[in-house]
Amino acid sequence: MLTDLFLKGRLRHDLDDAEKRALDEAVSGTIEVPARTRIVARGDRLDRSYYVVEGAVLRHLDDRRGERQLVGVNIAGDFVDLHGYPMKRLDHSISTLTATTLATVPHTAITALVAAHPHLARALWFSTLLDAAMHREWIFRLGRLNAEGRIAHLICELLDRLRFVDLFDGRVLTVPLLQRDYAEACGITPVHANRSFRILKERGLLSPLGDGQLDIHDEAGLREVAQFDASYLYGEGDLAPGALDDA
């Protein structure tokens, strides 16, 4: 199934086979997008939403000089712009980080899903609320942590999200963010990001492997630096079976 990672590690266990098939059948096709390519620009009118089958996508806002602030990272199993279904446009832009396979889901198909499968509709709603929870945590990271903590927090978030979908081997962070990407996500300069990575490496927490990948030596230490509490990611360990039934 193209959408077999949707809410994996969270509430996928709450979806029955018919709902999983219905979601998969809502996909009209897939597109292959090269790395570092803009998919949607801020303000674009939308008639479809994108789901990440493979790869990674960045959400960002650009200032008048073209400088970016990253406001989100999406990986396999994520809907990138599901909130564009009711809003019909995005207030930020979306670009690929890596070569990415995207499934396209027309908004007309989402309307049919919501009407025919109310339980699945709540799951889709849950996925957009996950985005909101992550955005709040990003605000905390920017407002309360130093540079090393901000970088460590983003790394820890990505590790847990990759773990949910069985894409983390316990050692290597494969989402290939470059130091300039970390700088844009963490509100620091590239020079400050480079210095912060050097500090994290000297503390024995991680080491760069090249091409943006990181060898994680001490995840517990990173979590301590990041003041990381993963409860905002709503893993299935934090959710009871049938969690959507009373929604």
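Reply: A search of the whole structure finds 15 salt bridges, a salt bridge being a side-chain nitrogen of Lys or Arg within 4 Å of a carboxyl oxygen of Asp or Glu. This is a predicted model, in which local features need pLDDT of at least 70 and side-chain atom pairs count only at pLDDT 80 or more, while totals for chains, interfaces and linings use all residues. Residues are numbered from 1 along each chain as its sequence is written, and side-chain values use heavy atoms, with hydrogens and water left out.

One of these salt bridges joins the side chains of R68 and D181, at 3.1 Å from N to O. R68 lies in strand β5 (residues 68–75) and D181 in helix α6 (residues 179–186), so the pair ties together parts that are 113 residues apart in sequence. Helices (H or I, at least four residues) and strands (E, at least two) are DSSP runs, numbered from the N terminus. D181 has 0% relative accessibility and counts as buried; buried means under 20% relative accessible area, exposed over 50%, and partly exposed in between (1.4 Å probe, protein chains only).

D78 forms a salt bridge with R161, and their closest N and O atoms are 2.8 Å apart. This pair, too, links distant parts of the chain: D78 sits in the loop between β5 and α2 (84–87), and R161 in helix α5, 83 residues apart. Both D78 and R161 are buried.

R161 also meets E157 in a salt bridge, side chain to side chain, at 3.0 Å from N to O. E157 and R161 are four residues apart in helix α5, so about one helical turn separates them. The relative accessible area of E157 is 1%, which makes this residue buried, and R161 is buried at 3%. Elsewhere, salt bridges that share partners join R36, R68, D181 and E184 into one network.

The nonpolar packing comes next. The largest nonpolar core has 66 residues, and those with the most contacts inside it include I151, I155 and Y182. Such a core is a set of buried Ala, Val, Leu, Ile, Met, Phe, Trp, Tyr and Cys residues joined through side-chain atoms within 4.5 Å. Helix α5 (residues 147–164) gives the most to this core, with ten residues. Leaving aside residues up to four places away in sequence, Y182 touches I151, L154, I155, L173, L177, F197 and L214, where contact means heavy atoms within 4.5 Å.
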